[in-house]
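Subject: Handing over the model, with notes

Dear colleague,

Please find the model below, which I am passing on to you together with some notes.

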Amino acid sequence: MTNTIPVRAAVFTGPNEPLDIKTLQLPAEPGDGEVLVQMVASGVCHSDLHALDGEWDTPAPLVLGHEGAGVVQRVGRGVDNVQPGDHVILSWTPSCGRCEYCAAGRPVLCEVANETAYRHVLADGKTRLRDGETPVKSFLGAGTFADHAMVPSTAVVKVREDAPLAQAALVGCAVTTGIGAVINTARMEAGSTVLVVGCGGVGLNVVQGARLAGARQIIVADVSEEKLELGRKFGATDTVNSKERDLVQAVRDITGGPGVDYAFEAIGLPRTIEQAYEAIRRGGTAVVVGQVADGVKISIDPFVMSDQEKKLIGSNYGSSRQVIDFPRILDLYMEGKVDLDSMITNRIDLDQVNESFDEMRVGNGIRSVIEY
Ligand SMILES: NC(=O)c1ccc[n+]([C@@H]2O[C@H](COP(=O)([O-])OP(=O)(O)OC[C@H]3O[C@@H](n4cnc5c(N)ncnc54)[C@H](O)[C@@H]3O)[C@@H](O)[C@H]2O)c1
Ligand SMILES: [Zn+2]
Ligand SMILES: [Zn+2]
């Protein structure tokens with residue numbers, strides 16, 4: 001029997017059930033190629049809520065959470081990218097570096113991550129967490145709603161130690177997803193006009209990315225006035241309350257007729273994805289960042305698509321190369337060029353995680369961050 005350590009975790013037991021806060025067991029020694037991370041902070045992302053609300057087929061029991069940062073406690077044999085004491089951000093796409101996609105510089109599409117983390121297990125198809133005899137999976141291989149995580153070494157990126165880990169945690173999902181969608185996925189040209197639909201944790205980072213990349217006009221849309229104000233704070237030039245105005249018409253009016261060069265949907269609803277597509281100008285690009293519930297479909301006019309050379313593309317994890325993008329974004333934060341402080345609107349204990357989902361459902365605040 002191997003030695004275990006107790007782990008305080010928020011466990012998903014099935015759709016629409018509150019997360020069960022309990023103590024699990026984890027092996028004290030990481031296996032080959034594995035890293036034991038003492039978690040310091042985890043953001044609460046809407047993707048966790050999709051799982052919790054049963055919108056995505058998610059196995060139970062499972063430790064939810066995927067946006068986290070911490071300190072390396074122990075490393076297994078063969079791990080040479082980090083050592084105990086290193087500050088790390090967790091990646092929920094632990095890319096192998098060797099498959100065709102990784103070799104092509106597109107690690108978010110990694111075949112290995114697709115078979116492991118996206119199935120909430122490690123390389124051997126198993127999980128290390130236990131609740132007594134029962135194996136407990138970790139959401140996207142990360143399971144950051146726990147004070148410790150056992151992850152493959154490919155899931156940790158070492159970052160500077162003078163950066164606060166609560167802010168760093170957000171770089172593990174929302175910030176990289178949002179900024180990356182503009183810079184990596186869309187490769188937006190400076191001087192472009194932009195629409196961002198949804199001003200949550202992800203959408204506000206699309207706004208920051210568009211500002212960084214030199215957009216000349218950034219229109220934000222949301223149904224909450226509070227979120228629209230935050231959009232302005234992060235760099236939006238115009239706002240549309242899409243509960244009060246027809247979004248597509250409003251965007252045409254604001255741009256003087258044509259629509260925007262780039263539109264980013266950061267909610268995950270079919271109608272808002274269609275609106276983002278309809279709001280782009282001839283030759284424009286709409287980027288799907290928000291993730292819909294399983295099975296949802298959209299409707300677009302393919303004649304318009306060809307006639308007007310419109311592009312509709314998807315963005316996973318901001319098309320990031322985490323080893324490059326995590327440290328780079330953190331540098332931008334430390335230099336005052338990216339605002340992560342204002343993103344944290346609620347600092348909570350693990351015990352309050354269920355309440356943080358209630359806040360997210362009604363659209364309150366940007367990010368709740370659990371601190372261990
Ligand atoms: N592509 C990726 O790799 C990736 C990564 C992380 C998250 N996501 C997805 O991005 C989406 C957003 O995540 P988040 O954490 O920012 O969510 P969030 O809950 O923080 O933000 C959603 C925002 O959308 C607004 N909204 C809701 N309905 C609306 C409507 N009909 N019209 C306009 N605004 C509306 C809300 O007021 C809120 O401000 C989710 O679907 C999440 O799963 C995708
Ligand atoms: Zn996320
Ligand atoms: Zn790979």
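Predicted model: local features only at pLDDT ≥ 70, side-chain atom pairs only at ≥ 80, totals over all residues.

Residues are numbered from 1 along each chain as its sequence is written, chains are lettered from A and ligands numbered from 1 in the order in which they are written, and side-chain values use heavy atoms, with hydrogens and water left out.

Zinc sites

A donor here is an N, O or S atom within 2.8 Å of the metal (3.2 Å for Na, K and Ca), and because water is not among the atoms, sites may look incomplete. The zinc ion (ligand 3) is held by the SG atoms of Cys-96, Cys-99, Cys-102 and Cys-110, at 2.4 Å. Why is the arrangement around the zinc ion (ligand 3) called tetrahedral? Its four donor atoms subtend angles of 105 to 115°, and four donors count as tetrahedral if all angles lie between 85 and 135 degrees. Along the chain, the donors of this zinc ion (ligand 3) follow the spacing C-x2-C-x2-C-x7-C. Cys-96 lies in the loop between β6 (87-90) and α2 (100-103), and Cys-110 in the loop between α2 and α3 (111-115), so the pair ties together parts that are 14 residues apart in sequence. Helices (H or I, at least four residues) and strands (E, at least two) are DSSP runs, numbered from the N terminus.

Are these two cysteines buried or exposed, if buried means under 20% relative accessible area, exposed over 50%, and partly exposed in between (1.4 Å probe, protein chains only)? Cys-96 is partly exposed at 24%, whereas Cys-110 is buried at 1%.

Distant parts of the chain are linked here, since His-66 sits in the loop between β4 (62-63) and β5 (67-75) and Cys-173 in the loop between α4 (165-171) and α5 (174-186), 107 residues apart. Both His-66 and Cys-173 are buried.

Domains

The domain assignment, which is automatic or taken from a database, gives domain 1 (4-158 + 340-371) and domain 2 (178-316). Their centres, taken over C-alpha atoms, are separated by 29 Å. Contact, meaning heavy atoms within 4.5 Å, joins 15 residues of domain 1 to 15 residues of domain 2. The area buried between the two domains, that is, the accessible area (1.4 Å probe) that two parts lose on being put together, summed over both, is about 1,300 Å², and carbon and sulfur atoms give 52% of it. In domain 1, Trp-56, Met-343 and Ile-366 lose the most area to domain 2, together 35% of what that side buries.

A buried leucine

Leu-90 is found in strand β6 and, at 0% relative accessibility, counts as buried. Leaving aside residues up to four places away in sequence, Leu-90 touches several others, among them Val-37, Met-39, Ala-142, Tyr-317 and Phe-326.

Backbone details

The peptide bond from Ala-60 to Pro-61 is cis, with omega near -5°, and Pro-61 lies in the loop between α1 (46-52) and β4. Asn-16, which is not a glycine, has a positive phi near 65°; Asn-16 is found in the loop between β1 (4-12) and β2 (20-27) and counts as exposed at 54%. His-120 also has a positive phi, of about 65°, but His-120 is buried at 8%.

Salt bridges

A salt bridge is a side-chain nitrogen of Lys or Arg within 4 Å of a carboxyl oxygen of Asp or Glu, and the structure holds 18 of them. Across the interface of domain 1 and domain 2, however, the rule finds zero. One of the salt bridges joins Arg-128 and Asp-124 (3.1 Å, N to O), where Arg-128 is buried at 19% and Asp-124 is partly exposed at 43%. Finally, Asp-20, Lys-22 and Asp-131 are linked in a network of salt bridges.

With best wishes

Technical notes:
Tetrahedral: all angles 85-135°; square planar, octahedral: opposite > 155°, others 65-115°.
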